[in-house]
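The stops below can be selected one after another.

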Amino acid sequence: MMIQRSQTETVLEGPLVLPTATAMDRPSVRGKFIFIGKEKFYVRGVTYGAFRPDASGNEYRNPEVIERDFAKMAANGINTVRIPHTVPPRSLLDVAQRHGLRVMVGLSAEQYVGFLIDKKKDAPNIEELVRAKVRAIAGHPSILCYAIGNEIPAPIARWLGRRKVERYLEQLYRAAKEEDPEGLVTYVNYPTTEYLQLPFLDLVCFNVYLELQERLEAYIDHLHILAGDRPLIMSEVGLDSLRHGEFNQARVLDWQVRSTFSSGCAGLFVFAWTDEWYRGGADVDDWAFGLTNRERQPKPALAVVRRAFSEVPFPSNLNWPRVSVVVCSCNGANTIRECCEGLLKLEYPDYEVIVVDDGSTDRTAAIADEFGFRVISTENRGLSNARNTGLEAATGEIVAYIDDDAYPDPHWLSYLAYTFLNTSHAGVGGPNIAPPGDGPIAECVDHAPGNPTHVLLSDREAEHIPGCNMAFRKASLQSIGGFEPRFRMTDGSHRRYVELHPYSGFDPRFRVAGDDVDVCWRLRQQGWTLGFHPAAMVWHHRRSSLRAYWKQQLGYGKAEAMLERKWPEQYNAFGHFTWAGRVYAKPLMYLLGWGGRIYHGIWGHAPFQSLYQPGPSGLWSLPLMPEWYLAIVLLAGLTALDTLWSPLRFTLPLLVLAVIAPLVQACVSAVRAPLSFVRQPCVLCLKLRALIALLYLLQPLARLWGRLRHGLCPWRRRGRARHSLPRPQTFTVWTERWQSPDERLLFLEATLRARDTVVRRGGHFDRWDLEVRNGVFGASRILMAIEDHGSGRQLVRYRSWPSCSPAELAPTLLFATLSAEAALDHSWLVCILLGVTALMLALRTLQGCAAAMAAVRDALILSCIRIDSKDPIESSERSHLMKATQCQTTKD
């Protein structure tokens, strides 16, 4: 089915059409955006005030001026007014309601923060003051949200410390919520106190004044990372026309508004509506940030802002690329209807939907056919094959993938395509957020580890994008094909042989999971980059039962084992791989929130003060690794031996620590998880938080079991079972065909990879070029040197030698030492057990070195024969060998 829609026309005169929400609809937050009723509400606002108060302290004293101002705002496409420092009277809210405007109300908590320093006996009850302010206007239909404060001064925040300021703001947030439970509550922050962590807020607001477009866009991307799954609103942007001129003000505001919305923000407030401004007990007349002057006469910026507001979130003149949306499903009848309904509501001018029915036995194909989408039914061949089928059928230059248990935001494709239009990324992804209303178990699973998530190298570039929300340039995806290994039996033989079959796109061997990781690694290996847009969001259902969650994590463990066979260099010796970027998963966010250092600058003068948190490889994340449970088993075995030999009792505290660490981590994460059921009875809350803690403990166990069942274990072996004496060897080759050192090493590396060995390149500080590993223990290293003798003649020297790191030798030495001590104490049984363990480790190390040396020897011989033979190597032959490095060879 091809869907085409015309772009929104630019309205230059008359009021803009407001969303079709009733006057009584209260705003709500859904993922990265604000909704009023069922309509997405983009905040197109201006700040209003502060003005000189009258004798009674009434800041908004002239109803006629307010009426005219609000009418003029509505006529210029403005739909929201921010009252920054004063709670407005209900009469102002009534005027806003008549003109279809929403109001962001400031509660001015920053005015009372000094009482946290000087604790006077006659200090006001700040919480009660906030309650009274909210109570006076609670429930008014024109209220967009409450801002409990605005820019607590950086020196005060630094004096108090971030923890105290965070507790202060959270206390006032709770007070406001209790007075108006349905109201949205935020705090208006600014770059100088960016480090404040306020996860309880309903939405994130920042005042940012940057006069260079690329810097503003980069900082908005950074703020999106801080906001997470919540809406981000730029609560103040603007430019002073007194110093920069009215023309420059209009020019800068044009790109500020457009960049803010195209970057995925839920809204923006221009500072300010008028040049009239009162601050610090006096009129401010040495600046002019207003869209109108003091007499309310429009400046050129007003028309520019009006035009930009009319084209939210993107300009109407973009040449949008055609996008093919592919949905792969196998027995997804329970969720695919919701997915198709969401795809039908996409606000994108040119896209098609292709549903690949991968051998379903339910009504999946029939349901998809009801929506008029193109349905391709195949036999059950697995997820990767289904995605490749959709890729082949796609007619768009962009191919976007979404799971059958997910549904997109209406602007999902727009944000993805906009990123492709403005970058050279081969792929772009976005967040996947659990939809509300799936039940308490699904919400608990959403806050547990193991859900699909993105990994970012920076605020804009991704290392991995999850399969439920990813899009690629079709040409890039088709160009990273490889060879799928298929096995066949020979007649009358029990031996299996590998045949390589070409494929394009996703690797067919990944039938359930792992294909997204593989395709991201292959794209990056080819030199392409991956992007991330925080507003290109999809709603992705989480597992709604413990059984389903356990099965999902087992599948992920299997996928990791399959990935290790194909990408052994990505894994360490113990079978764990770490990302170069940062994993943006909720569990890690809860844990890392405990640490970090704040960059204040000298004497606290830095204009951008950030919190630098430890990476995901820190100590707090170790108990989340499946290998942690293997360490527990090892310590438990040693502790059991202390009944035979008392000196082994030193392992008991280590065992207790190893067991307690994941328990503490699970409990801490469960307590810190911001859950929607906190208003439920305490007993139910405790049960659900206990369930979250249980999921933290089950997830690594499920991953570990899935890995072990499919061969990803610390004692695994890779490569062929040949051995060579583990001693240093030297190879010398004379050649009359010149070749660069890099080419020779690349070909040698490809030859080794084709033999299913683990190859690692030397780093900037290493005196070796390649390291070959056969298992956990033992390796071989290679060093190459070339002497040029003119006329293309070269003398190539290779040296290889066995290698094992101190970390590999440490367990052997530990068990050998303990065995010797047990022998001295005449504890012969323990001596034999520990000695055999040390001997097995030593033999395994020698075996690993011998196998690695044999692999190096065979590869060097093959490499020298191929490179230095009289017949030149065909490029296709070399390409075949390179691609063969991605294939797995299996022997019985």
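Buried here means under 20% relative accessible area.

Select Cys340 to begin. With a relative accessible area of 0%, Cys340 falls under the cut-off and is therefore buried. Show its sulfur and look for a partner: Cys340 takes part in no disulfide, and the nearest cysteine sulfur belongs to Cys339, 5.4 Å away. A search through the whole structure gives zero disulfides. Then go to Cys831, which has 15% relative accessibility and so counts as buried.

**Confidence.** Colour the chain by pLDDT. The average for the protein is 86, and 88% of the residues reach at least 70. Select residues 1-23, where the pLDDT is below 50; the model gives this stretch 58 contacts beyond near neighbours in sequence. Residues 869-892 also have a pLDDT below 50, with 45 contacts beyond near neighbours in sequence. Where pLDDT is low, predicted coordinates should not be read in detail.

**A helix pair.** Select helix H6, residues 213-227, together with helix H8, residues 246-262. How far apart are the axes of H6 and H8, and at what angle do the helices pack? The axes lie 10 Å apart and the angle is about 25°. Since angles under 35 degrees count as roughly parallel, H6 is roughly parallel to H8. The crossing of H6 past H8 is right-handed. To see the contact, show the side chains of Gln213, Leu216, Glu217 and Ile220 in H6, which meet Trp255, Gln256, Ser259 and Thr260 in H8.

**Backbone exceptions.** Most peptide bonds are trans, and most residues other than glycine have a negative phi.

- Gly49 and Ala50 are joined by a cis peptide bond with omega of about 10°. Ala50 sits in the loop between strand E5 (43-47) and helix H1 (63-75).
- From Phe271 to Ala272 the peptide bond is cis, omega being near 5°. Look for Ala272 in the loop between strand E12 (267-270) and strand E13 (278-279).
- Ser108 is not a glycine, yet its phi is positive, about 60°. The loop that holds Ser108 runs between strand E7 (102-106) and helix H3 (126-137). Ser108 has 2% relative accessibility and so counts as buried.
- Arg296, also a residue other than glycine, has a positive phi near 70°. Find Arg296 in the loop between strand E14 (282-283) and helix H9 (300-310). Its relative accessible area is 12%, so Arg296 is buried.

How values were computed
Residues numbered from 1 in each chain as written. Predicted model: local features only at pLDDT ≥ 70, side-chain atom pairs only at ≥ 80, totals over all residues. Heavy atoms only, no water. Disulfide = S-S within 2.5 Å. Buried < 20%, exposed > 50% of the residue type's maximum accessible area, 1.4 Å probe, protein only. pLDDT = per-residue confidence, 0-100. Contact = heavy atoms within 4.5 Å. Axes fitted to C-alpha atoms, helices over the stretch in contact; angles between N-to-C directions. Helix = DSSP H or I, 4+ residues; strand = E, 2+ residues; numbered from the N terminus. Parallel < 35°, antiparallel > 145°, perpendicular 65-115°, else oblique. Left-handed = near helix turned anticlockwise from the far one by under 90°.
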